[in-house]
Amino acid sequence: RGVVVAACICDPTFTFSLRKQPETMKFGQFLEESMRPDWIANYFNYKRGKEYASNRIDTVSLKEFITSECSKVERFYRLKFEEVKVESEALSKVMDTKGGSVAGMVKSSWKHTEDLRGLYDFCKINSEGVRKALKKYDKAFKATGSNLQMSYLPQIKGEYSFFQYKDALKDLLQECASFWNQDAATKQKTDADLVSALPTSFPLARQIEDQKKVSADKGEDTEGDESEDEKKEKEPEPAADLGTEEESDVKFERQYAKQRDSKPEWKKLLADYQNLNSLLKKLAAVSGRNMAFSAVTSLSMSEHPDAAYGASPEITVDGKSFKEVDWFKLVDKEIDIVSRVTNEEIRRVRNGLAQLRTKSEQWHDEMQDKSVEQSGNRAKALLARMGQLEADAKQLGNDFLALEKFVNLNYQAFEKLLKTHDRLMPATPCHQFYMAKLRNQEWIRSDFSDIFVSLSDVHSLLRQDDSGVKNEDAKQDFVRNTKKYWVPVECVSSVKHLILQHLPVFRMWQGAGDSQLINSVYFDNRQMQLYHGRMDKTPGAIALRLRWYGTDLKTIFVERKTHLDSWTGNVSVKERFALDENLVVPFLNGSYTVAEYADDMRRRGKRDADIEAACKLFTQVARIIESKQLGPTVRTQYMRTAFQIPFDPTVRISLDTNLAMIREDCCGYAGGITSRWRRDELEPIAASEHTHFPHAIMEIKLQGDVENPPYWLKTLLESGMCTEVYKFSKFIHGSAVLLTELVAAAPYWIDDISIRDSVNASAPTPANMAKLEVIGEGVKRSKHPAPGSDDVNLMGSSAAGGDEGAEHPLLGKMRPQRGAVNGKEQTDFLGIGGAKKSKTPPQNDCCGLFPVQVGTMPRKVPVRVEPKTFFANERTFLAWLHMSVTLGSISSALSVFAEGNSGHGAAVQIMSLLMTLVAALFVSYSMTTFYTRRLAIRRREDAGLEGATMPLLLGGTLVLALLGVLITNVISTGDTPVPPPAPAPH
């Protein structure tokens, strides 16, 4: 918790405006990451420009492409320039008048600054893209003497004004600077004086400073322009003849040194990995693989006082004896240094945030004070202070993210060293002991999320967030557009930092942290009807759960989620009502009636309308539990951080971390629930009865104009730190992993390589594996395959005596495909395992993204079925019939015009038969396909409905038939006798 300790190194640097291109980043990647999502269609197509060079396309075509792209950029630039200019003029007039709203002036100034900054960066990156595209073309045609940078670039610069953006936007930049500084003489200063006069917090300081830089049009910069061959030459050669572990050590040491050198202030603070690793290898070289230890000891025998491990290996370092125990002392020393540095930095950040919050509250109070003068000068002064406070808040947030990266680097180094020690010196293993000690350090186990709460409060004060109206009803309907994303653990803090700059942390509890514990117990029966209904997205499918917040079980919320197809005009809805914890068991077994519930609500002073609605839902849920014989099935438990302007559901983001699912089918069903409705937390849980999900789950809920979310939200989703997983469900995932013997299908994301270890860790025990022969009641599954058969061994490799861990029955053998690794092809949504990313769920095997499992249960992809889907199937069927009728008509016409028993007539008959055969094949295929697709659509199956094979075969058959017609015509023409010439007239 708090500081995330992850296996991957994250880059906390992220900004919503154009930043300096890193030296190791190609310009094309830099361009893609710097694009504003709402302007993306108006950028120069740099990727296609590079293709003109790599494909060696002629100069005329290149110039036509450049002209077309520059015209597109120019049109957008002129449009936005006029908008920004009008904003500047209107803001200047407001600032020069008195009596306006200071708060309104500040918000308008901030919006104008963001628009101006975006336009400046837009022009800069597009002009640089054009220059680099021409440079690549000149490099590709260097042998022919091409030099378009010198001849053609000046020409287009004269034609398109966006290349002169520095001069065009100079006055607007100076005017905007006057909004942020109380000194009205800013306009009369020179460019150099203007830059020095601006505070570092001014959002346009970098753009104004860029005005003084000389353009690099004629420079020899090669940033991001090296060819692939040149880059390969610069890359260090991999270590030769090394084993897998040794090669991994060399690679990590190189990466660690690179990260250390990139941060000079870290050099003396990071763990000295290189020295510790070198000493360890020297000790291992003299120790041997196996050291003999006596099974007993004698109190009268003297041992070396420093030899903690008895026969400890010994080397000489700096003229002194160095043993294994000394190596452990060095490790302890490095851990203490990292701990001290981390704790000091945490204290500094917390103290800085406390002071910043005090200043922000003072600023906010002055903004809301209507008793003082409401003038432009006062707005300028407050705006300048706001910019400084905003910059200080972002800096403290970035300092915390940098500290997290520092912790991750050290954690990786220690773990790598300890693993290497156990590999090289197996007689004295220490990895587990030291990792337990490391995880118990205060800088790892402590909760530092209060820093994000403080940051959120500061940003909320500076944004002047307006709270909505709280809904006090026990029954609340939630109608939203919802999408879910996986967030790698190493990106959680960065995502939080980005969101809280635009939405505050929504806290409804007392405490210092930014997250709240949430438990949900989901209900289902032995046939898993609710699971399969939610999996298939059947209209009217429900999910039923009991939810409570924190560790207080006083109030339990009974929630029902109902899925409805949007094409019907309805939307999915979540409804809930509250129960006291002691009334949950009586409610489930039916002894607590709706009349008693209504009386309880009246005693609490609830309104009649609320009582009526809650009682209606109470009755419906009780009837469902009784009729379907539902009972507790799976529990989900996680820490939720919610981001939302209080009681304003327009944009709501939740981030669930430390997600765990627990099996709960031990309390009975419906009337059989007599004592408990959830598992006893004091009882131990077997490994096969719980699973931990390795990623955080981000859920974005929008109301209103869901097609046009805020710009900052689009930027977050394009940042690469989150990946959408369509219709992900905690209930479905937990049920599939923990109740495998009851489910008949698994969700599509279960095969993703990044969660494979998590799923395998919850592999069922041999006793539960026997239940896999029967699913539910009467639904049979094939028995376990014999060892050595082609089917998957559901017992996993451990059952066969292998040295690998047990494999979960959901994850069977993969069908080897092209591009597979070790015969296995898997999806990797997050790119963690090195496989190709997939932002959308793979649909079927033919796409090459999702392998068909051999010997495992089928996968389900949520399929949206609307009436137009059936109509499309019918239109396709009629189109095939139309072609069949056309071919049949041609065949009939040929048979009619056949000439008796002549050779030509026989040829025509053959042609007619061939066309008739093809027409019959078309009819047969269309009828079969129509019926198959209709069944698949009704069952909402992802069955690969594109049918690419048969159309090719039928098309080939038609080609062969036409060739036969052609050959027959040629032969019959050659056999026809030439008529005698007509007699000459007399």
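**Entry 1: helix 2**

I started at helix 2 (residues 46–54) and listed its buried residues: Y46, G49, Y52 and A53. I took buried to mean under 20% relative accessible area, exposed over 50%, and partly exposed in between, with a 1.4 Å probe and protein chains only. Helices here are DSSP runs of H or I with at least four residues, strands are runs of E with at least two, and both are numbered from the N terminus.

Where do the buried residues of helix 2 fall, seen down its axis? They lie within an arc of 105°, so they line one face of the helix; the arc is that of the directions from the helix axis to the C-beta atoms. On the face turned away from the buried side of helix 2, I found the exposed residues K47 and S54. After helix 2 comes R56, with a positive phi near 55°.

**Entry 2: ground rules and totals**

A reminder to myself that this is a predicted model: local features need pLDDT of at least 70, side-chain atom pairs count only at pLDDT 80 or more, and totals for chains, interfaces and linings use all residues. Residues are numbered from 1 along each chain as its sequence is written, and side-chain values use heavy atoms, with hydrogens and water left out.

I then looked up the totals. The protein chain has 30 helices and 18 strands. It has 986 residues, of which 47% count as buried. I also checked contacts, meaning heavy atoms within 4.5 Å. Among contacts between residues at least 6 apart in sequence, 75% join residues at least 24 apart.

**Entry 3: helix 13 against helix 17**

How do helix 13 (residues 324–368) and helix 17 (residues 450–463) cross? Their axes come within 9 Å and cross at roughly 20°. For the record, axes are lines fitted to C-alpha atoms, for helices over the stretch in contact, and angles run from 0 to 180 degrees between N-to-C directions. That angle makes helix 13 roughly parallel to helix 17. The classes I used are roughly parallel under 35 degrees, roughly antiparallel over 145, roughly perpendicular from 65 to 115, and oblique for the rest.

Helix 13 passes helix 17 in a left-handed crossing. Left-handed means that the near helix is turned anticlockwise from the far one by less than a right angle, and right-handed that it is turned clockwise. On the helix 13 side, the contact includes I346, V349, L353 and W363, and on the helix 17 side it includes I451, L455, V458 and L462.

I picked one serine from each helix. S456 sits in helix 17 and is buried, with a relative accessible area of 0%. Setting aside neighbours within four places in sequence, S456 is in contact with L500, L503, P504 and V505. S339 belongs to helix 13 and counts as buried at 13% relative accessibility. With the neighbours within four places left aside again, S339 touches Q441 and W443. S339 and Q441 are 102 residues apart along the chain, yet their C-alpha atoms are separated by 7.4 Å.

**Entry 4: helix 19 against helix 24**

I moved on to helix 19 (residues 529–536) and helix 24 (residues 730–738), whose axes come within 10 Å and cross at roughly 125°. That makes helix 19 oblique to helix 24. The crossing of these two helices is left-handed. L530, Y531, R534 and M535 of helix 19 make the contact with F731, I732, S735 and A736 of helix 24.

K727 lies in the loop between strand 12 (723–724) and helix 24. It has a positive phi of about 60° although it is not a glycine, and K727 counts as partly exposed at 36% relative accessibility.

**Entry 5: another positive phi**

D318 is in the loop between strand 1 (314–317) and strand 2 (320–323). This residue is not a glycine, and its phi is positive, near 55°. Is D318 buried or exposed? At 77% relative accessibility, D318 counts as exposed.

**Entry 6: cysteines**

How many disulfides does a search of the whole structure find? It finds 0, taking a disulfide as a pair of cysteine sulfur atoms within 2.5 Å. C722 is in no disulfide, and the nearest cysteine sulfur, that of C491, is 8.9 Å away. C722 is buried, with a relative accessible area of 7%. C430 also counts as buried, at 3% relative accessibility.
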